[in-house]
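Q: I would like to go through the aromatic side chains of this structure. Could we take them one at a time?

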Amino acid sequence: MEVTRANFQNVLDDLDSVIENASFLAIDGEFTGLNSGPDTSAFDTPAQYYAKLRSGSMDFLLVQFGLSIFTYDADKKKYIQQSYNFYVFPRPLNRAAPDCRFMCQASSMSFLADRGFDFNKLFNKGIPYLTSAEEEKLGKKLEERQKARDDGLELIPIPDDDRPQIEEICTRINDFYNSEAEELTIDRCNAFIRRIIHQEARMRWPNKLRLEGKTDSSGQWLVVQKMGSKEEEEKKEVERKEKEQNDIKQAVGLSALLRKISDSGKLIVGHNMLLDLCHIVHQFFSTLPESYHEFKSLVHCLFPKLLDTKIMCQSSQFKESIPCSVLNALHETVSKSPYCIPEVDVVPDRSYTSSVEKYHEAGYDAYITGLCFISLSNYLGTLQTPEISVVLPDSPLLNPFINKLLITRLKDFPYIDLTGKDPNPRRDHVFHITFPKEWKLSDISQLFSPFGGIYVSWLTDTTAYVGLNRRDQSSAVNKHNFANQNIRLQKYAEHQALIEGKNHSPAHQGDRKRKLSSSDNITATENTGRKPEVNGEQGQTVDNEGWETASDSPKMLNEDKNDRKDEEEEEEGEETEVRKSNTDAIGDAENSASFLKLPESEVAKKHSLARAKSNPICCSYEAKSLLGEKFDRSNNSWIVAGKRFVKSPGSTPSASPKAKRSPSKKQHARQKPCCGELSSSSNLTGVEKVDKFDKDSVNDDRNNLDKISNDAQTDNNQNFRRRDRNAVSNSECDKVELKKPSIKLLRSGRKRSENITSTRSMLIRIAQIVFVLLLIYVVIKF
């Protein structure tokens with residue numbers, strides 16, 4: 001039966017006795033959207049899942065509420081059902097009532113439209129609702145208005161600009177008072193004018209006229225009537241108060257029905273009903289609490305007996321015989337052997353029949369949910385010895401399923417327990433991993449290939465949860481050394497402790513949310529794709545746009561922010577100019593990779609190799625590894641390209657490959673060139689080898705950069721000028737200070753590029769001026 005604002009009050013009165021005698025109630029809802037917040041991870045905790053549901057779904061609206069009431073007739077040994085489909089829309093009662101704002105999701109609205117949802121009926125005849133707090137607030141405003149009417153309004157002066165209009169209206173009222181007319185309507189007046197008219201009428205015609213405000217879709221106006229006898233006025237005053245109370249009752253609307261259901265204490269059955277319950281509590285009772293435990297207590301307090309048919313389907317008694325738990329597939333399954341749906345009597349004009357399918361209409365879905373529950377319950381009886389033909393809703397056989405709500409998106413948390421502790425599955429086989437942004441599923445799969453198949457649940461572009469299919473391999477992962485990979489790996493328990501310590505949800509970690517297709521969240525059983533190329537140190541992720549994903553303490557995060565701020569503010573000085581020239585030249589060289597017809601990875605290796613030769617300590621970690629660079633802690637020395645170097649006794653220590661954070665630009669500007677800090681060890685020839693190494697490095701660097709720069713200028717000067725500072729900051733090369741001969745070379749290359757570009761721009765402007773002059777000449781001539 002369809003229920004709108006027109007027939008709701010009559011249906012509500014009839015449902016008092018029907019709900020009281022019911023055996024159980026089945027519910028369902030339809031919404032304007034499902035989720036606008038962060039996606040749920042397969043390895044979230046129930047509390048994190050609830051927080052995302054609360055923040056991402058409650059701005060949508062429940063627009064259709066389905067209720068199917070099943071009453072068992074012991075004499076006939078069958079159920080009687082009647083079902084209702086309520087259209088729900090928060091139409092405000094008046095200006096004092098709440099004016100609801102809500103969101104719509106295009107896919108959900110299109111889904112409803114495709115299934116015949118009547119949006120005109122929703123907006124024109126939808127049933128309003130109020131929470132308890134909103135109802136109380138509206139009632140207080142009504143009392144204040146009645147008190148002001150009884151005690152009289154405070155006198156306010158009439159502005160000179162409004163006085164002509166007030167006098168004109170009072171003249172019309174006086175003519176009406178002296179006439180035989182029964183009523184006078186005064187329109188086209190705002191709230192302030194109506195307030196003044198009330199004041200003037202009370203003063204000029206005391207106890208002789210009655211003024212009432214009227215409101216409809218076209219606006220507001222005043223109705224003036226003559227007072228009758230004392231008895232007539234008392235009767236009209238009673239009628240007015242009853243009407244105001246009735247208006248509030250209509251504004252409460254569907255909330256009154258949900259309160260009746262809550263007060264009844266009946267078993268409420270739903271199918272995957274967690275989202276339905278969240279919307280019901282949020283719209284008709286009160287705002288959902290932030291605390292997950294408070295949410296569980298609130299739901300259990302409002303609805304003490306809940307049962308989710310999906311929980312039944314996933315239990316051991318039903319799991320093997322029910323291949324799919326989607327509602328229409330479930331109904332088809334339980335209609336056949338070994339299940340059976342018994343005959344159910346219907347109430348004329350207030351029931352559905354399974355012969356006419358109306359899936360995704362809330363009332364019909366509630367009806368089908370109730371039928372599935374009856375069939376599943378009776379099947380439990382057939383498993384008993386002796387068999388029980390009818391399992392009623394109060395049977396102890398159903399106790400294992402009561403007050404448990406399914407969580408569909410969590411991999412190993414089967415349900416929320418409203419009356420006890422939630423299941424606590426071990427997640428020792430789950431790890432939190434931070435990795436470069438360019439990594440794909442194949443890269444992560446390659447990393448964990450020695451430990452078998454994995455399940456990847458993406459969090460952001462640079463973070464994910466990885467679950468091992470072979471749980472016994474978790475200890476092997478903990479023992480494995482990932483020091484040579486550009487990743488950060490944490491045990492699941494450690495990562496959760498870090499989140500709780502920071503009071504920070506994993507939904508906000510990382511730089512931005514990765515957009516995934518449904519095929520990305522899969523179990524990776526094959527190790528395909530390339531071996532990841534990494535750049536950086538453990539504990540630090542450097543993506544291809546130069547942003548570092550910090551994974552350290554809050555103190556270090558603050559230091560990083562301060563360093564970046566210092567870098568942005570530093571725009572002057574010789575060191576800044578040197579770094580800028582170096583950055584521009586390297587960026588131009590990297591942008592020319594496509595013109596050189598070489599793979600970008602090969603070009604990057606050549607740059608890193610050249611930098612490593614020039615500065616074997618301050619260069620990128622990848623380039624050092626290409627040169628075979630190592631650090632010998634026993635002798636406090638570096639081995640670079642088969643040669644050993646040690647630090648001078650009084651020199652400033654330079655950053656080691658295991659440093660978690662690169663120095664800021666200001667700090668780096670104060671440091672001396674790394675090669676100048678090196679001296680030979682006792683078993684080398686001395687400073688001469690270092691100088692020779694430096695000269696060779698500078699020559700190699702000059703030759704490499706000259707070749708790349710000339711090719712780029714020949715092919716495309718415009719592309720050569722492109723500045724991709726984000727890509728440059730992806731490596732640590734922008735923190736390297738080259739020797740002065742190399743710097744001059746870079747500056748000269750940059751000047752040549754700028755001169756060519758400026759010459760081309762000047763020629764284009766001259767051509768434009770000549771064309772305009774010719775055009776003016778032609779116009780004047782002809």
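Q: Is Tyr364 buried or exposed?
A: In this predicted model, Tyr364 is buried, because its relative accessible area is 0% and burial means under 20%.

Q: How many aromatic pairs does a search of the whole structure find?
A: The search finds 31 aromatic pairs. One of them joins Tyr352 and Tyr364, with 5.7 Å centre to centre and 80° between the planes, an edge-to-face arrangement.

Q: Which parts does that pair tie together?
A: Tyr364 belongs to helix H14 (362-382), while Tyr352 lies in the loop between strand E10 (344-346) and that helix, so the pair ties together parts that are 12 residues apart in sequence.

Q: And Tyr352, buried or exposed?
A: Tyr352 counts as buried, at 8% relative accessibility.

Q: What kind of pair do Tyr465 and Tyr492 form?
A: Their pair is tilted, with 55° between the planes and 5.5 Å centre to centre. The pair links distant parts of the chain, 27 residues apart: Tyr465 is in strand E15 (residues 463-468) and Tyr492 in helix H17 (residues 492-502).

Q: Are those two buried or exposed?
A: Tyr465 is buried, with a relative accessible area of 0%. Tyr492 also counts as buried, at 8% relative accessibility.

Q: Changing topic, which residues form one aromatic cluster?
A: The cluster consists of Tyr87, Phe89, Phe102, Phe117, Phe119 and Phe123.

Q: Where does the charged end of Lys226 sit?
A: The charged end of Lys226 sits over the ring of Phe176, at 5.2 Å from the ring centre.

Definitions and conventions. Residues numbered from 1 in each chain as written. Predicted model: local features only at pLDDT ≥ 70, side-chain atom pairs only at ≥ 80, totals over all residues. Heavy atoms only, no water. Phe/Tyr/Trp six-rings, centres within 6.5 Å; stacked < 30°, edge-to-face > 60°. Helix = DSSP H or I, 4+ residues; strand = E, 2+ residues; numbered from the N terminus. Buried < 20%, exposed > 50% of the residue type's maximum accessible area, 1.4 Å probe, protein only. Lys NZ or Arg CZ within 6 Å of the ring centre and 35° of its normal.
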